[in-house]
Every structure is written in C-alpha cells, then in structure tokens.
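Please read it beside the model shown here.

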Amino acid sequence: MAATTSQASLLLQKQLRDLAKHPVDGFSAGLVDDSNVFEWQVTIIGPPDTLYDGGYFNAIMSFPENYPNSPPSVRFTSEMWHPNVYSDGLVCISILHPPGEDPSGYELASERWTPVHTVESIVLSIISMLSSPNDESAANIEAAEWRDKREDFKKRVRRIVRKSQEML
C-alpha cells in the first residue's frame, strides 16, 4: 500500500505543479494543507452565459491513496443548487464513479472513472456540469425539477451566486 500511496502522492504533486505553471481558465486549485497532497481546495468560477455566471464556488477534492486507480470525491463547501449535486455538496457525475460496470445500468463503463483523468479534467467536467445539468439521473431530486419550475430554480441560483460574490 505504501508504494501505491507514494505513487499517488508523486502524481498529485506533479499535477499541482503543472496547474501552477499553466493555470486553466475557470478555476483555481491548491492544497488545503501543505502537508497533505490528498486534499485540495478548488474554486470554480461560474461559467459564462449560464445561471452560475459570476459565482465563485469552493469545493474540496479528496483523493484516495490508490489514485489514479480510483476517483476522488468532490464536495462543494459553498452553497450549491444543482441537479447533479447532493444536498450535502457532494458532486455526482459519471467520471467520479468507480471504474467498471454500473450496477444500476445507467452508465456505460466508458463514462465512468479511468486513470487518465487529472485534476484539470475533473474540474472541467464539473464546469461542464454547471453548464448542462443532467436531470435524467439526478442526485438532488428537488433541484432536478428545474425544467418544470424554471423561475424558482433561476431565483435560487441567482441568490447563491450573489452570496458567493459576497464571500470574496
């Protein structure tokens, strides 16, 4: 296990260095605590031309010791209202689901986690999720009613965007 942990640690350190050298539009990332490379603080900027535009949303990425063979978990620490985010902030997108066949049969194995994903590809997928909610397989059933209760959904998202801006 120690060799796996060491390998994961080296890979995460490399990804952190790469992001520092070549920042990516739409988010910033760094360690929560310099002594723990397995826990990252991410700030996602709401994508332009979406309801989340102008918002600043913080999340914690927690990596398992066997990363990249298993996916991290991502949990918003900022308030978030989205069909693919559980009420406790946990993000639910296919690439964060364990590799292999989906026991529920909703996802293809090719849509789930693979070790080629990086911090960058994960966060870009979350930004894409903010742009295009998937209510077919919702984590937050109440937020998934956004198509039927569009004005209520917009009002709630506008409120959390304003709140995120006040937290700066």
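Which residues of the largest nonpolar core touch the most other members?

## Basis of the model

This is a predicted model, in which local features need pLDDT of at least 70 and side-chain atom pairs count only at pLDDT 80 or more, while totals for chains, interfaces and linings use all residues. Residues are numbered from 1 along each chain as its sequence is written, and side-chain values use heavy atoms, with hydrogens and water left out.

## The nonpolar core

W40, I44, M61, F76, V91 and I126 touch the most other members of the largest nonpolar core, which has 40 residues. Such a core is a set of buried Ala, Val, Leu, Ile, Met, Phe, Trp, Tyr and Cys residues joined through side-chain atoms within 4.5 Å, where buried means under 20% relative accessible area with a 1.4 Å probe, protein chains only. Among the elements that give two or more residues to this core are helix 1 (2-21), strand 2 (36-45), strand 3 (56-62) and helix 2 (119-131), and helix 2 provides the largest share, seven residues. Helices (H or I, at least four residues) and strands (E, at least two) are DSSP runs, numbered from the N terminus.

Leaving aside neighbours within four places in sequence, M61 is in contact (heavy atoms within 4.5 Å) with residues including F38, W40, V42, V74, V119, I122 and V123.

Four strands form an open antiparallel sheet in the order 1-2-3-4, with strand 1 and strand 4 at the edges, each pairing on one side only; pairing requires at least two DSSP bridges between two strands. Seven bridges join strand 2 to strand 3, and Q41 stands opposite I60 in strand 3.

Notes. Buried means under 20% relative accessible area, exposed over 50%, partly exposed in between (1.4 Å probe, protein chains only).
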